[in-house]
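Please open the model in your viewer and keep the selection tool at hand. The stops below follow one another, each with something to select and something to look for.

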Amino acid sequence: MGDPEVEILLSKWLAGTLTEAEKAQLAQSEDLSSLRVVVNDIASWSVGEWDTAQGLALLKRQQAERKKRSMRRRISYSIAAGIGVLLIVATLWQILIPGTVQVRTGIAEVKELVFPDGSLMKLDAMTQVSYNKNKWAEARHVTLQGQAFFDVKAGNSFEVHTPSGVVSVLGTRFNIKAVTEHLLVECYSGNVQVAIESDQQIIGSGEKLSLVDGVLRKQSHSRTVPDWEDSLSIYEETPLQEVVQDLSRYFEVDIQLPNQYAHLAFSGQVSQTDLTLALKSIFLPMGIDYSQEDKGRVVIRQ
């Protein structure tokens, strides 16, 4: 349909404005037959009737399902939040039990603590203790990690709980060192009972108990106060690894002890105030070569 005159006639035919002469002229054209086929086909097109009730019901079901999913998410979030709050409350309750007193010391720091009954405790460096002052009259219980000296007033049982065992007394003076898996108890007056699982032993003045390979070993000593009160550490056949670890309680030092030296036994006195002197006291008698580097680093040469 490239003839402009025919196109004009077709336009008038669609608009219904053809004259009788123009109708006769257009009837002669094949374009009119083609256009009639298209128009008749369009007239047969139809859109199905929309079911309003069914559509509304579908929309309501979709909205209800979205509300359910949203509610399930809110419930899940609420449960998770509730569990988190309960865990926090439980943790705080354990830490902040009414009357609980916690005391810590840092590197080379020493503190003195007096209990409600007048009993005395002196904490060595890098030590932490806790007890309940509100329940002290009925239960004199102390939890200890580190080293401390006790001067206990006579009265009901006085218990010191350590990671390795429980030390019980009535009235006495004693020292406890409870570091990692090691336990050492020295008695200066009175009697002390030490319980390690099913093993229980009692020591008196001038005696000490040490935990060696899971077994309590009793020995004698001649001290009247702990050695650390004189700023000294005194060792007798002590594993070198333990001696080196003790240095970090009194100095900011980094020492990596080779495995070949870890189980060597050391005996002697070590300064807690002079690192250079302490290193000489430990390594020179044992023939171990070392050097002091920057920032407290000590290198052991193999």
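This is a predicted model: local features need pLDDT of at least 70, side-chain atom pairs count only at pLDDT 80 or more; totals for chains, interfaces and linings use all residues.

Residues are numbered from 1 along each chain as its sequence is written, and side-chain values use heavy atoms, with hydrogens and water left out.

**Paired strands**

Select strand E10 (residues 191-196) together with strand E11 (residues 199-204), which run antiparallel and are joined by six bridges. Strands (E, at least two residues) and helices (H or I, at least four) are DSSP runs numbered from the N terminus, and two strands pair if DSSP finds at least two bridges between them. E10 and E11 form a hairpin with two residues between them, and Glu-197 in the turn has a positive phi of about 55°. Within this pairing, Val-192 stands opposite Ile-203 in E11.

**Thr-172**

Is Thr-172 buried or exposed? Thr-172 is buried, because its relative accessible area is 2%, and buried means under 20%, exposed over 50% and partly exposed in between (1.4 Å probe, protein chains only). Leaving out residues up to four places away in sequence, Thr-172 touches residues including Phe-150, Cys-187 and Val-192, where contact means heavy atoms within 4.5 Å.

**The largest pocket**

Select His-182, Leu-211, Thr-238, Pro-239 and Glu-242, which lie nearest the centre of the largest pocket among its 38 lining residues. A pocket is an open set of points on a 1 Å grid over the protein atoms alone, where a 1.4 Å probe fits, with protein on both sides within 12 Å along at least five of seven lines, and lining residues have an atom within 4 Å of a point. The volume of the largest pocket is about 830 Å³, volume being the space filled by probe spheres set on the points, which are joined across faces, edges and corners. Strand E14 (232-239) and helix H5 (240-250) are among the elements that each supply at least two lining residues, and E14 gives the most, with eight.

**The second largest pocket**

The second largest pocket holds about 210 Å³ of space. To find it, select Met-126, Gln-145, Gly-146, Val-179 and Arg-249, the closest to its centre of the 15 residues that line it. Strand E5 (140-151), E8 and H5 are the elements that give two or more residues to this lining, and H5 gives the most, with five.

**Two residues of E14**

Select Ser-233, which is found in E14 and counts as buried because its relative accessibility is 6%. The side chain of Ser-233 makes a polar contact with the side chain of Gln-272 (2.7 Å); a polar contact is a pair of N or O atoms within 3.5 Å, where within protein one must be able to donate a hydrogen and the other to accept it, and residues adjacent in sequence count only if both atoms are side-chain atoms.

Finish at Glu-236, also found in E14, which counts as partly exposed at 42% relative accessibility. The side chain of Glu-236 makes a polar contact with the side chain of Lys-208 (3.4 Å). Glu-236 and Ala-265 are 29 residues apart in sequence and 8.1 Å apart in space, C-alpha to C-alpha.
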